[in-house]
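My entries follow in the order in which I made them.

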Amino acid sequence: MTEKTIYELSQPGRVGVTFPEPDVPLTPSPMGFEREHLNLPELSELDVIRHFTNLSKLNYSINSGFYPLGSCTMKYNPKINEEAARMPGLANTHPFQPIVSVQGNLYIMYQLQEWLQEISGFHRVCLTPAAGAQGELVGALIIKNYHQKNNDTKRVKILIPDSAHGTNPATSSMSGFNVVPLQSDERGNVDIQALKSECDETLAGLMLTNPNTLGLFDENVEEVIQLVHSAGGLVYGDGANLNALLGIVRPGDLGFDVMHFNLHKTFSTPHGGGGPGSGPVGVAEHLNDYLPGPIVTIIEEGDEESPPFFGFYWPEKTVGRMKAFYGHFGMLIRAYTYIAMHGGKGLRNIAEMAVLNANYLKSQIKEDYTLPYDRTCMHEFVVEGSWDKVPAVHALDISKRLMDYGFHPPTNYFPLIVHEALMIEPTETESKQTLDAFAKAMKSIAKEARENPDLLHGAPFTTPIRRCDEVKAARDLVLCCWIPD
Ligand SMILES: *Cc1c(COP(=O)(O)O)cnc(C)c1O
């Protein structure tokens with residue numbers, strides 16, 4: 001390690017704050033932590049403000065521009081959510097406080113559980129899982145425990161369509177299941193024949209991402225669920241794409257047995273940069289007893305004089321605790337605020353606008369990019385990021401070039417079933433002007449690819465860091481600001 005850092009701005013003697021003369025006698029610090037012993041930077045207030053302001057400008061975020069990262073639902077996070085989560089009565093509570101002193105918090109959690117049940121058509125909801133993937137793990141464990149409690153121990157197989165999110169096979173296999181992939185048909189639905197041939201007495205369940213990662217609603221979803229049920233299996237719904245369905249379709253009504261929500265996608269709690277997320281899980285009535293705990297409930301009904309008294313319960317055959325305390329409470333407040341602000345009609349409007357925006361954008365760029373599944377999409381769509389005529393250009397080059405046009409790239413190389421996939425999700429919060437500007441950039445990149453492919457290979461030219469070795473960046477992460485020798 002060298003002492004010199006890339007951020008080394010310190011100048012001996014420079015100070016940011018001048019304290020008044022002390023009005024008590026000076027005594028040496030008992031620990032020896034005095035200014036001259038500490039290697040602290042010496043900076044003025046202005047140096048510090050400029051340093052952090054400039055650092056913040058190196059980041060791309062939803063607050064600075066369009067962020068069509070498919071599957072991630074990078075919608076605008078309304079600032080009123082932040083106001084609510086920072087209210088001192090909520091932000092300053094402690095999980096060890098006696099429940100009599102946090103009845104307001106429990107009311108919010110109870111109401112959110114009720115709303116998620118109403119939105120999804122499920123019977124009970126547990127709010128504790130920390131993210132979508134943890135919600136899936138809960139679901140897989142519920143499926144496992146359910147079969148075990150029924151002494152149905154032959155059921156070791158989970159079916160995962162090839163259009164599923166990567167976390168689906170990961171959480172199934174973590175739960176000890178054998179993962180069997182199911183192919184999609186030419187319209188991007190689960191292939192019914194392939195499904196039928198897997199429906200036997202070893203079937204534990206199926207995990208269905210719907211709409212799937214192609215942005216397509218499975219046209220045979222009810223038949224798929226019915227086939228799995230009649231073979232004795234359960235169906236897990238990956239609810240991360242609920243943004244397309246809000247107020248229109250309820251997964252519980254379709255027959256799904258268990259599903260997770262991504263509050264940080266559908267309900268606008270901030271994500272990116274690693275969280276915290278929130279992935280509540282909902283279940284149909286026959287699985288109520290398996291949910292993780294604790295779950296908020298009414299312990300004493302209220303009346304005209306007094307409000308109900310809230311507390312917690314643990315379901316009888318619970319899969320156990322998934323998260324310390326009660327989950328990410330701050331995220332629950334944000335989602336509660338968002339749902340309260342929109343109301344039922346507003347939520348439906350979100351889904352309609354998300355679907356409209358995706359279909360509009362798709363129609364704007366489909367002449368220039370190959371659409372492997374050309375049918376009405378839901379909230380996102382996938383194009384091929386390559387052309388037979390310009391074999392040297394790849395989806396990654398297009399994404400890197402988009403940065404020069406001021407846009408965050410779409411999701412790359414996912415789903416795996418599309419060659420050189422670019423997965424684009426505009427969300428409902430973007431205006432027609434923004435979508436048009438993005439379509440224009442995509443069109444000019446297609447033209448550049450034909451006329452000057454090397455330009456795309458060199459991109460990005462305008463970002464603080466140009467092309468980096470992404471594998472090395474992930475494997476050998478440097479988390480401190482020292483420049484290693
Ligand atoms: C984001 C996502 C997940 C995983 O959710 P996390 O909160 O990131 O763990 C699962 N499935 C789909 C379809 C997703 O888009």
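Which atom of the ligand is 3.0 Å from an N or O atom in the side chain of Asn-262? I found that it is an oxygen atom of the ligand, and I counted the pair as a polar contact, meaning N or O atoms within 3.5 Å. The protein buries 87% of the 380 Å² that the ligand exposes when taken alone, with areas from the Shrake-Rupley method and a 1.4 Å probe.

I noted that this is a predicted model, in which local features need pLDDT of at least 70 and side-chain atom pairs pLDDT 80 or more, while totals for chains, interfaces and linings use all residues. Residues are numbered from 1 along each chain as its sequence is written, and side-chain values use heavy atoms, without hydrogens and water.

I then looked up two further side chains: an N or O atom of Ser-71 is 2.6 Å from an oxygen atom of the ligand, and one of His-165 is 3.4 Å from a nitrogen atom of the ligand. I listed 13 residues surrounding the ligand, each with a heavy atom within 4 Å of it, and Ser-71 is among the closest.

Next I turned to Thr-213, which is buried with a relative accessible area of 1%, where buried means under 20%. Thr-213 touches His-165, Glu-380 and Phe-414, among others, contact meaning heavy atoms within 4.5 Å. I also noted that the side chain of Thr-213 reaches the backbone oxygen of Ser-163 at 2.6 Å.

Terms used
Polar contact = N/O pair within 3.5 Å; in protein donor to acceptor, adjacent residues only side chain to side chain. Buried < 20%, exposed > 50% of the residue type's maximum accessible area, 1.4 Å probe, protein only. Lists of a residue's contacts leave out its neighbours within four places in sequence.
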